[in-house]
Amino acid sequence: MSVLSEPAPPPLPPPDRLYQRIDQCAGAPYPLSEYIRRALWELVQATLIRWSPRRAHGWRRFWLRAFGAKLQDTSTTKSTTKIRHPWLLEVGEWSTIAEDVDVYNLGWIRIGNHTTISQRCWLCAGTHDYTRFELPLIRPSIVVGDGVWVCAGAFLGPGVTVGHNAIVGARAVVTKDVAESTIVAGNPAKVVKTRPWPGDAGKTPSAAPQAAERTH
Ligand SMILES: CC(C)(COP(=O)(O)OP(=O)(O)OC[C@H]1O[C@@H](n2cnc3c(N)ncnc32)[C@H](O)[C@@H]1OP(=O)(O)O)[C@@H](O)C(=O)NCCC(=O)NCCS
């Protein structure tokens with residue numbers, strides 16, 4: 001029997017009380033100028049950036065800077081990196097935001113030097129105060145330190161700080177600060193080990209750091 005011929009399931013009985021009233025939420029929490037700037041940026045991102053060649057780092061930096069991003073000359077983003085508000089983004093030297101990362105920067109996102117944000121991560125600097133009926137928007141910053149690797153598909157929640165030299169494992173869900181030089185993984189993310197200094201743990205660095213091959 002096709003599911004289309006089955007009746008819809010019955011509704012839940014109404015709740016005793018409602019904790020949130022979507023009809024009372026602010027429909028447009030930003031000034032008009034912000035919506036105009038956002039629309040222009042989304043147009044640029046969907047065309048001039050989305051169609052840009054893989055190695056056109058300078059071209060993407062140009063447009064991001066034109067919309068207020070603070071980027072060092074050696075930092076890179078990809079054509080499919082999705083950035084909500086360039087004017088609330090700061091990226092240090094030699095840092096990369098990879099393919100399909102969702103930089104949901106309703107609040108500030110600051111990324112340090114020599115840091116990699118791998119594919120499909122979600123940096124979520126926005127939430128709502130769920131203790132109020134009208135769910136006001138809150139925009140807590142995210143700060144990622146120097147020498148950090150946020151592995152593929154990880155989620156960094158609002159207000160999180162990731163300390164220098166930390167690693168966030170693939171698909172980790174981070175809702176609390178990550179201490180320097182630790183490796184965290186899982187949901188919720190927990191410390192699984194301390195990051196070894198290159199050469200420790202029986203490994204020998206194959207080249208001096210400044211001679212290492214760039215992989216992005
Ligand atoms: C975080 C990471 C770098 C750690 O690698 P590692 O040092 O070899 O880790 P280990 O295999 O020694 O794991 C240590 C423990 O953490 C757990 N763990 C490691 N990564 C995990 C992850 N992403 N999620 C959940 N648990 C994880 C392991 O199961 C192990 O648990 P156990 O001690 O109970 O057995 C690696 O697991 C990872 O996530 N790599 C991401 C690769 C990636 O994103 N690639 C794309 C971009 S280039």
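A residue is called buried here if 20 or more other C-beta atoms lie within 10 Å of its own, exposed if 12 or fewer do, and partly exposed in between, with C-beta atoms placed from the backbone. By that criterion, 26% of the 216 residues of this protein count as buried. The structure is a predicted model, in which local features need pLDDT of at least 70 and side-chain atom pairs count only at pLDDT 80 or more, while totals for chains, interfaces and linings use all residues. Residues are numbered from 1 along each chain as its sequence is written.

**Overall build**
- The protein has two helices and 19 strands, taken as DSSP runs (H or I of at least four residues, E of at least two) and numbered from the N terminus.
- Its C-alpha trace spans about 65 × 45 × 40 Å along the principal axes.

**The open sheet**
- Seven strands, in the order β2-β5-β8-β13-β16-β18-β19, form an open sheet with mixed pairing, where two strands pair if DSSP finds at least two bridges between them.
- At the edges lie β2 (76-77) and β19 (190-194), each of which pairs on one side only.
- β2 runs parallel to β5 (residues 96-97) and is joined to β5 by two bridges, with T76 having T96 as its bridge partner.

- Leaving aside neighbours within four places in sequence, V150 is in contact with I117, S118, C121, V144, L156, V162 and V168, contact requiring C-beta atoms, placed from the backbone, within 7 Å.

Notes: Contact = placed C-beta atoms within 7 Å.
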